[in-house]
Amino acid sequence: MVQLVGSLRKELADSLSTCKVLVVGAGGIGCELLKNLVLTGFKNIEVIDLDTIDVSNLNRQFLFQKKHVGKSKAQVAKESALQFCPSANITAYHDSIMNPDYNVEFFRKFMLVMNALDNRAARNHVNRMCLAADIPLIESGTAGYLGQVTVIKKGMTECYECQPKPTQKTFPGCTIRNTPSEPIHCIVWAKYLFNQLFGEEDADQEVSPDTADPEAAWNPEETAARATASEKDGDIKRISTKEWARSTGYDPCQTLQQDDIMYLLTMDKLWKKRKAPTPLDWQQLENSMCPQEETPVSGLKDQQVLGVWGYCQLFQHSVETLRSQLQEKGEGAELAWDKDDPPAMDFVTAAANLRMHIFSMNMKSRFDVKSMAGNIIPAIATTNAVIAGLIVLEGLKILSGELESCRTLQASCFLSCKHLSPLRLHI
């Protein structure tokens, strides 16, 4: 007769209570994963995350509340998970997993490592550490309604870097707002700016500098001070970007928000190892660069890369057109971004390219911007929950000695207007 503890065999339940697991990341997947682990019976968990909590996290990272804004994700996730199971032993690290302190010996402490990351560099690093330590790694990721879970074990499976990966389509908020390093980061920012000015405002699409960026305040004392300040406020008061734009008459010079660039420059820790942005002076450009760009550019219009003043003019014209469209629709109206709508596409092309110039990147043609802008995928809370559940199921197989039965799992979650359709799994 098989003896059960809850829904698990007693031998497996005992194993859960003694094995030590590492969770890398306490964001969208990580919050769901920590909850699942403690409710399944895992007792010894260590969680690490570099980030601090932002208002935009609250719509899908359910272990966090508004009072936690500015605090360490790992620490708050630990405290929230302990409410589900106070007897669990959870250690939280507010740090980067790529810190040299977390070396091969650190990884050898664990029976399982579970990735809940949002960037490729950290995934590559954890993959290499687990291979060196010979520890099973459960890798995961989501992109919109799609997600996947893969078990990686040295000598038995492919590693994370064995196959080329598709271009990343979701990006950390602090990268978009503070430290863009690729044109796609600027294109995402420009789409966010369009929605903040003309569409449905979304806290998850903030464009102003991210003051909670962990790189900007590495010292724990500074992070704690920010957290205390946000708690004293008790509520996050934000001025509507759309209302601010209306108050300026949608002035293109101000809409580019160069004050934000000046503010970013005060966050000097961000620029110790990367080139700082260069504020764009509209008046100076108008006086000095306009004559240089009167020479017509050859080639197809959509494949031309304009100069800086050319994109300033395109930005000004698109803002005026979109403002008129918004006024025609009446009070409280919103515009929806569509890559096939010329004024909307002009706006994103111009705003993205001007931001590329500010951050010393090569600018892109309208054709290239349109190709990238149409493939940006948002984060979906439902997918995170499904993937976190699959991570735990794969972990149970490993602890049961059934590593050979682990597979790469791909999940598709589709929402319709009436119901949530059944989960589709591909093995």
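Trainee: How many salt bridges does the structure hold?
Mentor: The structure holds 10 salt bridges, where a salt bridge is a side-chain nitrogen of Lys or Arg within 4 Å of a carboxyl oxygen of Asp or Glu. This is a predicted model, in which local features need pLDDT of at least 70, side-chain atom pairs count only at pLDDT 80 or more, and totals for chains, interfaces and linings use all residues. Residues are numbered from 1 along each chain as its sequence is written, and side-chain values use heavy atoms, with hydrogens and water left out.

Trainee: What do the side chains of E46 and K20 form?
Mentor: Here is the general idea: side chains of opposite charge can pair when their charged atoms come close. The side chains of E46 and K20 form a salt bridge, 3.3 Å from N to O. E46 lies in strand β4 (residues 44–49) and K20 in strand β3 (residues 20–24), so the pair ties together parts that are 26 residues apart in sequence. Strands are DSSP runs of E, at least two residues, and helices are runs of H or I, at least four, numbered from the N terminus.

Trainee: Is E46 buried or exposed?
Mentor: Buried means under 20% relative accessible area, exposed means over 50%, and partly exposed is in between (1.4 Å probe, protein chains only). E46 has 5% relative accessibility and counts as buried, whereas K20, at 30%, counts as partly exposed. Both also belong to a network of salt bridges with K109.

Trainee: Where do E32 and K35 lie?
Mentor: An α-helix has 3.6 residues a turn, so residues three or four places apart point the same way. E32 and K35 both lie in helix α2, three residues apart, about one turn of the helix. Their side chains meet in a salt bridge (3.3 Å, N to O). E32 is buried at 12% relative accessibility, and K35 is buried at 18%.

Trainee: How do α2 and helix α3 cross?
Mentor: Two packed helices are described by the angle between their axes and the distance between the axes. The axes of α2 and α3 (residues 73–84) come within 9 Å and cross at roughly 35°. Such axes are lines fitted to C-alpha atoms, for helices over the stretch in contact, and angles run from 0 to 180 degrees between N-to-C directions.

Trainee: Which residues in α2 and α3 meet?
Mentor: L34, K35, V38 and L39 in α2 meet A77, A81 and F84 in α3, with contact meaning heavy atoms within 4.5 Å.
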